[in-house]
Amino acid sequence: MTATVLERPAGATVAAGRRARSRRWRRVVVVLVVVLLAVLLLTLCVGERTYSPLDVLRVVLGQDVPGASFTVGDLRLPRALTGVLVGVAFGMGGVMFQTMLRNVLASPDVIGISAGSSAAAVVAITVFGLSGATLSVVAVASGIGVAGLIYALSWRRGVHGTRLILIGIAIGAMLDSVISYAISRAGIYDVNEAMRWLTGSLNSAFWPVVRPLALALLVLVPLATILSRRLGALQLGDDASTALGVPADRSRLALLVVAVALVSVGTAAAGPIAFVAFLAGPIAHRLVRGAGALLWPAALVGALLVLVGDFAGQHLLGLRFPVGVVTGVLGAPYLLWLLARSNRTGGSL
Amino acid sequence: MKHTLAVEAATLGYDDRVVVQDMTLEIPQGRITTIVGANACGKSTLLRAMARLLRPSAGRVLLDGTPIDDLPSREVATILGLLPQTPISPEGIAVADLVGRGRYPHQGWFRRWTAEDDAAVEEALRTTDTLDLADRPVDELSGGQRQRVWIAMALAQQTDVLLLDEPTTFLDVAHQVEVLDLLTDLNRRRGTTVVMVLHDLNLAARYADHLVAIRAGHLYAQGTPAEVVTELMVEDVFGMTSRVITDPVSSTPLVLPVGRHHSGTATTGRAADDERAAPEAPLPADALR
């Protein structure tokens, strides 16, 4: 027994365990991708008129199918793609926040960053009558601005998770009152438009929404993936991170910029779909159980949450609800459970 | 290649509060240096500055003669390792994966995990006697095991200099000795320069080649434990009356505190014998809660 152990090359014991974990991680990712594709196909097929998967595939491949080409190609496909992309953006952005600040509560939708985008959009609609691309730019910029403000206010010899969360929640509450004020003064038509920025919905997700969103993610997702190594060091605490050659404050700032951009771009496309950013990380963590990095699993879980939530909101609940209402109903109990369970401040990933 | 670490006329502090003033210190290469001092004397602050966790407001920290802040952080991390006082283990992470994070500085932005990394992790686990825990989640370990795993992470970094901020806190006396023995092995076998802050003066005196005593942010004395640990030093640095005798086990200085109680005449060894002969009735465990 001992002899066989000695004959193994140095590192073999460690390598075996590491390979087993990375196999498990890959399995989780593959399963998530398969489920996501299945749900995607389902949302493309099923609706007021149901088309066969074959028809749907032909539309996706660019063939002309009478009836389906418009319903699937111009309505359902952009809607589903927006759902996937927004879910990826929220899932990644959320888990980056939660990991970097070592607290599940540090999700951008809890600490007021999504509220920053929403408030700016609502004010822009009701007061300045903006719409379209200008509106999206205003929303993204203000999400980033609010994140900067929260970061600056919580800076004291470096940024600490708990202080940033508390300041974020306070800023979020202030922004909510701005939203309420703007809504109460607005005309009924504007309120309708503004609602999308409050609950989050895919109702206006047509091709002009998909293209800029896809373009932004094409830049942000690789950046997040490259930076995610730094998350692994930051998780160990600021001192350990610096000792490993990953300077804590500088790395956190870079991660924060990318994560805020992800969340703001998602919010600009579909509004602050409640709790997707908050839920994706913890669910991914349950699935992965320490077998590897959470960034990609959380992105896939985020996409699934949005797609399933939107499908349920449209077809399963009798009335039509925007996706944000469905995810809100899912997320709120989890937040309560998290707060009730934890004796500290929420727990980390 | 041997690396040098020195502090040159450094003033250290937080915001406006100066904790360490005008400190100059050279860490002996390939030796075990221990920093001792009373609470809040600046010993941890000094270690933090040497680990580039704190930038001096005046003066500098030199690694191989170059100011440490001028060197790329990742390059420094291949020379200088640190065991921080309160590291955080991510929920559910396996021991081997945590130790593997010590390989970060050896990997570039795109370099993948290699067999060399596996070998380094395995050696670190073997050295700290934690190889059989490799696939266990860190959360499930006892305090002593966990501390050894963190040390393993610092070892996997394979640095020539290792800084440790109170590596024995939260450990019972057996595990304290175990950790210090482990660091001594490392120093003897590989010539690793070890610098640590220790609370326990007697263990510091036993395990140090070079002892640095800090009082109120100033260097009070440095040298071999036999030179530094005296009744006068204990009085000046810790504000405590004591007797210093020779440790019958290690022949290093052994400090016996003289408090207001149980000290008898405190002039001969007899007082201590009397105490041992007539111990106080032990308290029931409940009384301590």
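How many residues of strand E3 (residues 32-37) of chain B are buried? The exercises below take up this question and several others, each with a worked solution.

The structure is a predicted model, in which local features need pLDDT of at least 70 and side-chain atom pairs count only at pLDDT 80 or more, while totals for chains, interfaces and linings use all residues. Residues are numbered from 1 along each chain as its sequence is written, and chains are lettered from A and ligands numbered from 1 in the order in which they are written.

**Exercise 1. Describe the burial of E3(B) and the sheet to which this strand belongs.**

Step 1. Begin with the terms: helices (H or I, at least four residues) and strands (E, at least two) are DSSP runs, numbered from the N terminus. A residue is buried if 20 or more other C-beta atoms lie within 10 Å of its own, exposed if 12 or fewer, and partly exposed in between, with C-beta atoms placed from the backbone.

Step 2. Six of the six residues of E3(B) are buried, and the strand is mostly covered. Ile32(B), Thr34(B) and Val36(B) lie on one side, Thr33(B), Ile35(B) and Gly37(B) lie on the other, and both faces are covered.

Step 3. Turn to the partners, remembering that two strands pair if DSSP finds at least two bridges between them. E3(B) runs parallel to strand E8 (residues 193-197) of chain B, to which four bridges join it; here Ile32(B) has Val194(B) as its bridge partner, and Thr33(B) stands opposite Val195(B). E3(B) also runs parallel to strand E9 (residues 210-215) of chain B, with five bridges, and Gly37(B) is set opposite Ile214(B).

Step 4. In the whole open sheet, six strands of chain B follow the order E6-E7-E8-E3-E9-E10 with mixed pairing. Strand E6 (80-83) and strand E10 (218-223) of chain B are the edge strands, each pairing on one side only, and the twist averages 15° from one strand to the next.

**Exercise 2. Describe the hairpin formed by E11(B) and E12(B).**

Step 1. Strand E11 (residues 242-246) and strand E12 (residues 253-257) of chain B pair in the antiparallel sense, over five bridges. Within this pairing, Ile245(B) has Leu254(B) of E12(B) as its bridge partner.

Step 2. Six residues lie between the two strands of the hairpin, and in the turn Ser251(B) has a positive phi of about 60°.

**Exercise 3. Is Asp22(B) buried or partly exposed, and which residues does Asp22(B) contact beyond its sequence neighbours?**

Step 1. Asp22(B) is found in strand E2 (residues 17-27) of chain B. Because 15 other C-beta atoms lie within 10 Å, Asp22(B) is partly exposed.

Step 2. Two residues are in contact if their C-beta atoms, placed from the backbone, lie within 7 Å. Leaving aside neighbours within four places in sequence, the contacts of Asp22(B) are with Ala9(B) and Thr11(B).

**Exercise 4. Describe how H5(A) and H8(A) pack.**

Step 1. Two packed helices are described by the angle between their axes and the distance between the axes. Axes are lines fitted to C-alpha atoms, for helices over the stretch in contact, and angles run from 0 to 180 degrees between N-to-C directions.

Step 2. Helix H5 (residues 113-126) and helix H8 (residues 188-199) of chain A pack at about 170°, and their axes are 9 Å apart. That makes H5(A) roughly antiparallel to H8(A), given that angles under 35 degrees count as roughly parallel, over 145 as roughly antiparallel, 65 to 115 as roughly perpendicular and the rest as oblique.

Step 3. From H5(A), Ser118(A), Ala121(A), Val122(A), Ile125(A) and Thr126(A) meet Asp190(A), Glu193(A), Ala194(A), Trp197(A) and Leu198(A) in H8(A). By class this contact has six nonpolar, two polar and two charged residues, where Ala, Val, Leu, Ile, Met, Phe, Trp, Tyr, Cys and Pro count as nonpolar, Asp, Glu, Lys and Arg as charged, and the others, Gly among them, as polar.

**Exercise 5. How many residues of chain A are in contact with chain B, and which elements of chain A contribute?**

Step 1. On the side of chain A, 28 residues are in contact with 36 residues of chain B. Helix H2 (12-45), helix H9 (207-234) and helix H10 (238-243) of chain A each give two or more residues, and the largest share, six residues, comes from H2(A).

Step 2. Sorted by class, this side of chain A has twelve nonpolar, ten polar and six charged residues.
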